[in-house]
Amino acid sequence: MSSEFDLIHKYFTRSTRHTNLGIGDDAALISVVNGMELVISTDMSVVGTHFFADAKAYNIGWKSLAVNISDMAAMGAQAKWATLALALPEVNAPWLSEFSEGFFACANEFGIDLIGGDTTKGSLNISVTIMGEVPTGAALKRSGAQAGDDIWVSGQFGNAALGLAYLHGKLTLKNELGICLKALNTPTPRAALGLALRGIATSCIDVSDGLLADLGHVLKASNLGAMIDIEKIPCIEFLKNSLDNPQFQTFILAGGDDYELCFTAPASEREAINKLSTQLNLPISLIGNTRMDIGLQANYKNNKITLLRQGFDHFG
């Protein structure tokens with residue numbers, strides 16, 4: 001029978017790139033470059049809340065790290081190190097092998113070292129703490145938006161929410177199914193965009209709980225309001241052709257699990273942002289603007305949209 005330490009050695013010990021001392025001692029040692037600030041974020045994934053009990057272990061491993069990288073991107077930080085705390089109901093070797101494969105596939109793609117963590121017995125629960133660096137004073141914050149700034153988003157919205165609705169049996173997807181399940185199960189954090197937005201964006205946030213909810217956090221921190229146009233928010237044709245239905249508006253505005261970046265910038269940066277879109281081969285769309293009047297208004301065909309919810313809240 002494998003011990004806790006055998007499990008760690010077999011599935012989670014890898015060579016590191018940015019670390020002085022990693023897994024194997026009581027704590028890791030890392031050095032932060034002079035002139036840089038350390039950026040830290042933690043996310044937890046719980047079975048039944050963040051993923052289905054029968055979800056593929058590879059997808060769980062990838063996503064548990066990817067959502068943390070997305071937080072680094074939103075801060076304009078270069079992600080470098082992560083720790084993993086894992087509660088397991090039992091030692092399931094095939095599951096662990098697949099989970100670690102997904103986790104390290106994401107870590108390798110984005111250049112991240114796993115430098116420590118913990119394992120224990122209990123209901124399946126995954127907690128990742130990620131750390132990165134950003135030049136001192138250059139971090140993107142929620143509080144920097146200015147009145148009259150443009151509001152931009154990367155990628156597409158609503159795909160993951162559609163995928164989740166499909167898995168719950170609430171709608172039928174055909175040609176769109178693959179892209180929607182990929183968005184839900186293995187999201188791509190916009191790490192390169194986050195780094196490129198330093199010195200361009202006045203504020204930034206990653207959209208995990210829903211566009212309205214997360215943009216609302218920026219507006220609250222910046223003491224501003226905003227107006228956005230749902231017809232300008234990028235989405236697949238299946239959603240675009242169904243926007244007269246309030247339920248489909250909700251997928252885009254409040255569905256969550258998008259892991260795209262929403263950021264503000266002065267109108268003078270439009271050319272630079274459009275160049276970034278081309279350079280990164282990533283759609284970046286202008287969807288509205290901030291204003292002095294407090295409140296967030298979403299319009300569709302020049303009419304104000306009122307949704308019953310603006311995003312996901314664990315205790316809402």
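Here is a short walk through a predicted model, from its sheet to the helices around it. Local features are taken at pLDDT of at least 70 and side-chain atom pairs at pLDDT 80 or more, while totals for chains, interfaces and linings use all residues. Residues are numbered from 1 along each chain as its sequence is written, and side-chain values use heavy atoms, without hydrogens and water.

Let's start with the open sheet, whose seven strands run in the order β6-β8-β5-β9-β7-β10-β11 with mixed pairing. Strands here are DSSP E runs of at least two residues and helices are H or I runs of at least four, numbered from the N terminus; two strands pair if DSSP finds at least two bridges between them. β6 (203–207) and β11 (303–304) are the edge strands, each with a single partner, so one side of each has no neighbour in the sheet. Further in, β7 and β9 (residues 284–291) pair in the antiparallel sense over four bridges, and I228 sits opposite G288 in β9.

Next, look at helix α9 (residues 246–254), where seven of the nine residues are buried, meaning under 20% relative accessible area with a 1.4 Å probe, counting protein chains only. Among them are F248, F251 and L253. The buried residues pack against α4, α7, β7, α8 and β10, with contact meaning heavy atoms within 4.5 Å. At the N-terminal end, N245 caps α9 through a side-chain oxygen 2.8 Å from the backbone nitrogen of Q247. Just after the helix, G256 has a positive phi of about 80°.

Conventions. Buried < 20%, exposed > 50% of the residue type's maximum accessible area, 1.4 Å probe, protein only. Polar contact = N/O pair within 3.5 Å; in protein donor to acceptor, adjacent residues only side chain to side chain.
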